[in-house]
Amino acid sequence: MRVLETIAWVDDEKAITFIDQTGLPTQYRLVRCRSVDRLITAIRRLEVRGAPALGVAGAFGVLLASTKIREKEHARFMRVLREEAARIKTARPTAINLSWGVEMVMRAVEDAHSITEARSKARTSACMIAEADARACHDLGRFGAALLRDGGTVLTHCNAGALACSEWGTALGIVRSAVESGKEISVFACETRPLLQGARLTAWELQRDGIPVTVIPDSAAAFLMQRGEVDLVIVGADRVTRDAVFNKIGTYMHAVCARHHNIPFYVAAPLSTFDPGNAADMVVIEERGRQEVASCGKTAMVPEGVGVRNYAFDRTPHELVTAFITETGVIQPPVDWNEIENMRTLQGR
Ligand code: MRU
């Protein structure tokens with residue numbers, strides 16, 4: 001498998017680098033991001049996207065802010081840093097990893113007694129978050145790989161791959177781990193209207209690794225299930241609350257269809273994506289601009305004056321989930337939240 005550095009910290013330049021995912025599959029461009037404003041724009045434009053990668057972006061964002069603040073007095077420095085952290089956290093609302101990554105680094109920094117110490121703690125904590133994310137993906141990949149049969153076909157939605165994490169991926173991490181263990185696996189990538197993360201990103205990264213992938217319109221998934229061409233569905237998650245899974249719009253539709261056809265529906269997510277503190281009703285589902293649905297490039301696809309709804313995520317109840325695949329193992333619903341909280345505490349989260 002070829003390593004993809006989706007997002008990284010460049011210490012000697014005090015900058016974040018990331019792959020601008022809006023250019024793929026035709027343009028591979030690495031961005032050097034030197035300001036919090038630029039990072040927030042990148043998050044909103046989906047240059048950096050996918051829940052775990054957003055967690056890392058949030059963590060590196062606080063680190064970046066800590067290197068740029070000019071205040072010389074510690075209390076003032078901290079005030080500005082908290083303001084910058086609050087701005088980064090709200091760049092996108094649904095994936096919990098973004099606010100989680102910001103809060104993890106802020107928690108480390110709040111203990112510092114000087115600006116120098118705060119910067120050093122921010123660096124250590126942010127880099128640890130990126131490394132832990134990569135480790136979690138490899139671990140959950142191994143747990144998930146055991147569920148795939150040799151010669152099996154996985155249907156996935158959106159992009160839950162290396163581009164959505166610091167490396168390897170969650171749903172695609174499972175596929176990679178299975179392939180690495182010698183199994184032949186092929187993937188149906190739902191194109192994922194309207195921004196086509198499946199067609200553009202999942203197909204790009206699997207092809208790059210030589211893993212067979214076929215892109216289908218989102219609306220073809222049910223028919224392929226009916227034809228018996230799908231062994232199982234694996235998706236990622238932006239947030240797992242006690243009662244629902246939030247993931248890319250279209251996920252719920254696949255879960256309903258999978259249940260109807262008796263096909264296992266798995267959610268692959270690190271514990272950083274679990275949100276024990278909120279019920280589904282409290283989660284804000286991002287609504288994006290009209291143009292993403294109503295136009296294709298410069299061509300209008302919807303008559304002017306006709307309304308468009310563009311929810312970026314939907315909500316799947318736990319009863320449609322066969323199991324959650326995490327870095328600590330495979331968890332079947334009903335989820336034992338005390339256990340999740342204990343494991344998060346052990347991880348220092
Ligand atoms: O809007 P996006 O592209 O950030 O949405 C991403 C998803 O919905 C992914 O499935 C999710 O973040 C899991 S990524 C491992």
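Tutor: Happy to! Keep in mind as we go that this is a predicted model. Let's start with where the surrounding residues come from. Domain 1 (7-135) and domain 2 (138-346) each give at least three residues to the shell around the ligand, so look at both domains when you turn the model. Among the secondary structure elements, the helix α2 (51-68) supplies at least two residues of that shell, and the strand β9 (244-248) also supplies at least two.

Now for the residues themselves. The ligand is surrounded by 18 residues, and the closest are Arg49, Ala51, Arg92, Asn247 and Lys248. Sorted by class, the shell holds 8 nonpolar residues, 6 polar ones and 4 charged ones.

Next, zoom in on the ligand's oxygen atoms. There is an oxygen atom of the ligand 2.7 Å from an N or O atom in the side chain of Asn247. For Lys248, the distance from an N or O atom in its side chain to an oxygen atom of the ligand is 2.7 Å. Gly50 takes part through its backbone: one of its polar backbone atoms is 3.1 Å from an oxygen atom of the ligand. The ligand's place is in the largest cavity.

While you have the model open, here are some backbone details to look up in the loops. Begin with Pro25, which is found in the loop between β2 (15-19) and β3 (30-33). The peptide bond that runs from Leu24 to Pro25 is cis, and its omega is near 10°. Another cis peptide bond links Arg193 to Pro194, with omega near 0°. To find Pro194, go to the loop between β5 (186-190) and α7 (197-208). Finally, visit Trp168, in the loop that lies between β4 (153-156) and α6 (171-180). Its phi is near 65°, which is a positive value in a residue other than glycine.

To return to your question, keep this picture of the ligand: it sits in the largest cavity, with at least three shell residues from each of the two domains, domain 1 and domain 2, and Asn247 and Lys248 are among the closest residues.

Key:
Residues are numbered from 1 along each chain as its sequence is written. This is a predicted model: local features need pLDDT of at least 70, side-chain atom pairs count only at pLDDT 80 or more; totals for chains, interfaces and linings use all residues. Side-chain values use heavy atoms; hydrogens and water are left out. A residue is near a molecule or strand if one of its heavy atoms lies within 4 Å of it. A polar contact is a pair of N or O atoms within 3.5 Å; within protein, one must be able to donate a hydrogen and the other to accept it, and residues adjacent in sequence count only if both atoms are side-chain atoms. On a 1 Å grid over the protein atoms alone, a cavity is a set of points where a 1.4 Å probe fits but cannot get out, and a pocket is an open set with protein on both sides within 12 Å along at least five of seven lines; lining residues have an atom within 4 Å of a point. A molecule sits in a cavity or pocket if more than half of its atoms lie within 2 Å of its grid points. Helices (H or I, at least four residues) and strands (E, at least two) are DSSP runs, numbered from the N terminus. Ala, Val, Leu, Ile, Met, Phe, Trp, Tyr, Cys and Pro count as nonpolar, Asp, Glu, Lys and Arg as charged, and the others, Gly among them, as polar. Domain bounds come from an automatic or database domain assignment.
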